[in-house]
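Reader: I'm new to looking at protein models, and I'd like to learn how to read one. Can we go through it together?

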Amino acid sequence: MLNSGESSVERNYIIHDKMEDKTDLLKHTLALMRIAGCWQPLSRISSYKYKLYNVYTLLLVLILYTFAISQFIAIFLNAGSPQEFTSILYMMMAVCISILKISSMWINRKNFADIINTLTDEPFRPVIAGEVKIRQNFDKMIRNNTLYCFILVESTCVCIILTSLFTNFKTGDLTFKAWLPFNYSSSILFSLAYTHQLISMTTCALINLACDCFICGLLLHICCQIEILEYRLNKSHTWENLRDCVRHHDLIFDFASIVNERFAKIIAIQFIVSMLVVCSNLYQLAQTTLSAKYIPLVIYTFCMMTEIFIYCWFGNEVKLKSLQMIDHIFEMDWPRLNNSFKKAFLMIMNRATIPIEFTSAYLFSMNLESFVGVLRISYSAYTLLQKL
């Protein structure tokens, strides 16, 4: 959308290479997803690498399934009290949600690739220097968010592993309570079972981290598109440019609806799992005396709260950003606009009165109020366990 008022310098910033734009979009997040086995490249990959990556993903899924099954059986066989039940539940639920995420990403990878490709097509693709700068600012924000979450999650994994090595491993106990179909009293079998659990925990953390950063990255790109649209509205000097802005605004709503539809079930289950995990961890913390095992449990609880918080935070940002469109248009120089422009702006303002709001399968709205509600429900369930 170039208009006559733009300088030749701005024209030089037009993105000519669309493939380069694709490779830069969510670059670090997609790299993390590839490591987690969640993102199979759809093009420019040999048949040998394609099959090898499939084997890699299936191996990760097999590791998670065996770990989840061993803990699921342990709940029925060994959980005779709320404390034993919660000591198994918190990790089993995290593994189950990671299995759901990697399966969903694998089955629907073409749909998710289409979502990313949409951001590289017109009218979403930035054209002039100002728009490119907006995209770069949000890309930096997504990269920093991925980095901070990666440091938090992997620090938690390292803390759990080190604590387990100095406590459980020395006494011949597994890091997590689980049922195994063999006697692991021998050093070789115990080392295999112990290593399997640590690999499963790390894989689970990596998958959850990758998928969460991917979803939050898409939410930030919706905010990016709204900001690009605001920039274009300020540059709209012709009726054609304004008509394109109206179309762009409508497509942003459609894009947000598609993203919400694709991830609604995952986010809903994530909310429920987070409530159960926080509840079980609070109960364990209340029952556990201050020891070496206390610290990783606290950090893990903080991780789960952070996981659901970033969903609510960025979902809330999308809602606020979509509502700010009304104020942005209202602050424009209306006396100088002709009737056609005023009608187009009123059309955008009327559409913006209904904000873009993400919901998780019609159960939770992704905003800060929902985060507070999750904490309240978790605490209520914790108090119920205490009374039992």
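Reader: Which residues does Q71 touch, not counting residues up to four places away in sequence?

Author: For a question like that, look for heavy atoms within 4.5 Å of each other. In this predicted model, Q71 touches I88, M91, M92, F176, K177 and A178, once residues up to four places away in sequence are left out. Q71 itself has its place in helix α4, which covers residues 47–78.

Reader: And is Q71 buried or exposed?

Author: The idea is to check relative accessible area: under 20% means buried, and over 50% means exposed. Q71 has 0% relative accessibility, so Q71 counts as buried.

Reader: What share of the 388 residues of the chain count as buried?

Author: That comes to 49% of them. As for the surface, the chain has about 19,200 Å² of accessible area, and 62% of it belongs to carbon and sulfur atoms.

Reader: How many helices and strands does the chain have?

Author: You'll find 13 helices and two strands.

Reader: Now, how do I read the way two helices pack? Say, at what angle do α7 and α11 pack?

Author: You compare the directions of the two axes, and an angle over 145 degrees counts as roughly antiparallel. Helix α7 (residues 129–166) and helix α11 (residues 294–330) pack at about 160°, and their axes are 9 Å apart. That is why α7 and α11 are roughly antiparallel to each other. Their crossing is left-handed.

Reader: Which residues make that contact?

Author: From α7, the contact uses N145, C149, L152, V153, T156, C159, I160 and T163. From α11 come I295, P296, I299, Y300, F302, C303, T306, I310 and F314. Sorted by class, the contact of α7 with α11 has 13 nonpolar residues, four polar ones and no charged ones.

Reader: What about α10 and α12: at what angle do they pack?

Author: Here the cut-off to remember is 35 degrees, since angles under it count as roughly parallel. α10 packs against helix α12 (residues 339–352) at about 10°, with the axes 10 Å apart. So α10 is roughly parallel to α12. On the α10 side, the residues are W239, L242, V246, H249, D250 and F253, and they meet S340, F341, A344, F345, M347, I348, R351 and A352 in α12. By class, the contact of α10 with α12 has 10 nonpolar, two polar and two charged residues.

Reader: Let's zoom in on H249. Is H249 buried or exposed?

Author: H249, in helix α10, has 5% relative accessibility and therefore counts as buried. Setting aside neighbours within four places in sequence, H249 is in contact with L229, M325, I348, R351 and A352.

Reader: How far apart in space are A286 and Y382?

Author: For this one, go from C-alpha to C-alpha: A286 and Y382 are 9.6 Å apart in space, though 96 residues apart in sequence. A286 is found in helix α10, residues 239–287. With 41% relative accessibility, A286 counts as partly exposed. Beyond its neighbours within four places in sequence, A286 is in contact with Y382 and Q386.

Reader: And how many residues apart in sequence are N111 and R262?

Author: They are 151 residues apart in sequence, and 8.4 Å apart in space from C-alpha to C-alpha. N111 lies in helix α6, residues 109–118, and at 26% relative accessibility N111 counts as partly exposed.

Notes
Residues are numbered from 1 along each chain as its sequence is written. This is a predicted model: local features need pLDDT of at least 70, side-chain atom pairs count only at pLDDT 80 or more; totals for chains, interfaces and linings use all residues. Side-chain values use heavy atoms; hydrogens and water are left out. Helices (H or I, at least four residues) and strands (E, at least two) are DSSP runs, numbered from the N terminus. Buried means under 20% relative accessible area, exposed over 50%, partly exposed in between (1.4 Å probe, protein chains only). Accessible areas come from the Shrake-Rupley method with a 1.4 Å probe; for residues, only the protein chains shown count as cover. Axes are lines fitted to C-alpha atoms, for helices over the stretch in contact, and angles run from 0 to 180 degrees between N-to-C directions. Angles under 35 degrees count as roughly parallel, over 145 as roughly antiparallel, 65 to 115 as roughly perpendicular and the rest as oblique. A crossing is left-handed if the near helix is turned anticlockwise from the far one by less than a right angle, and right-handed if clockwise. Ala, Val, Leu, Ile, Met, Phe, Trp, Tyr, Cys and Pro count as nonpolar, Asp, Glu, Lys and Arg as charged, and the others, Gly among them, as polar.
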